[in-house]
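Subject: Structure handover

Hello,

The structure is below, followed by notes on what was found in it. Please read the cut-offs along with the values.

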Amino acid sequence: MKNYNKLFWIGLSIGFVFIAGGIIAYTCRFAKNGPSEDPAVWGQFGDYINFLVSIASLIVVSMLTYSIHNIEQKRADEQREESTKRDKEQKDFASSLEKPILIFRDIGSKWEVANVGRGAALNIIIAHAETEDHWDESVKCYSLESGSKFTIFWRIEASMWIAYYNDVFGNYYLSTCKNDETLIKQNNDESLFPLVNRTHKRLGDMTDVINNSNGR
C-alpha cells in the first residue's frame, strides 16, 4: 500500500512540476516586460494554463488509476492464495480422514491389531521386540479394511509391537506400541522405516507353527 501511495505522490509531483515549468517557460518567453494589461493576452495565458492543467491531470489520473489497479490486483492475488490455501487444508483434512490407523490392544491372553481409521491398511507387517534396536519375527499379514481387526495368535506378550503398512495412495505408516502407548508415523519414503528390507514370515507359516505345536 505504501508503494502505491508513493507512486500517486510521484505522479502528483510530476504534474505540479509540469505546470510550474510551463508557467515559467511562458513567463520567460512572453512576459519579459512585466504583466500585460491586455485582456486578450490574459485570455491566451488562461488557455495555456488550461492546457497545462489538462496534461497534468491526465498524468495524475493515469498514476492514480495504475495505483488502484495494482491495489485491486494485489487484493485479488491474496484472496486467490487464501482460497487455494483453504482448499488445500480442506483436501488434507479430508485425506487425513481416509488414512488407515492401526492400533494394538491387549485383550487378555492375546493381543489384537485393529484398524480404527477410515482407509484400508495394505501389506501389513507385524513384529515384536524386546528393545527398539532389535525386532524379532516379522510376519506379513492380511490387509485390513476400516473397522477390521485380527488377533496376534502366534505370540502372547511382547515389550513392543510394531505394524508397518501402506494405504491405497502409496503412503507408508508405522504404528508402534510400548507401555500401552501407541505412536503413529507417516512417511512417503518406505526406506526410512524398519523391517522393509527383511524377509518376513507369512501368516500361514505362523498358523502351521501353532498347529504343529498343538499337535505335539
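A polar contact here is a pair of N or O atoms within 3.5 Å; within protein, one must be able to donate a hydrogen and the other to accept it, and residues adjacent in sequence count only if both atoms are side-chain atoms. This is a predicted model, in which local features need pLDDT of at least 70 and side-chain atom pairs count only at pLDDT 80 or more, while totals for chains, interfaces and linings use all residues. Residues are numbered from 1 along each chain as its sequence is written, and side-chain values use heavy atoms, with hydrogens and water left out.

Asn115: its side chain reaches the backbone nitrogen of Gly117 at 3.1 Å. Asn115 is buried, at a relative accessible area of 2% (buried is under 20%, exposed over 50%, partly exposed in between, with a 1.4 Å probe and protein chains only). Residues in contact with Asn115 (heavy atoms within 4.5 Å), leaving out those up to four places away in sequence, include Pro100, Leu102, Ala121, Leu144 and Ser148.

Asn115 belongs to strand β2, residues 111-115 (strands are DSSP runs of E, at least two residues, numbered from the N terminus). An open sheet is formed by three strands in the order β1-β2-β5, with antiparallel pairing (two strands pair if DSSP finds at least two bridges between them). β1 (102-106) and β5 (149-152) are the edges, each with a single partner strand, so one side of each has no neighbour in the sheet. Five bridges join β1 to β2, and Asp106 is opposite Trp111 in β2.

Cysteines: Cys141 is buried at 8% relative accessibility, and Cys177 is buried at 4%. The disulfide count is zero (a disulfide is a pair of cysteine sulfur atoms within 2.5 Å).

Regards

Methods:
Helix = DSSP H or I, 4+ residues; strand = E, 2+ residues; numbered from the N terminus.
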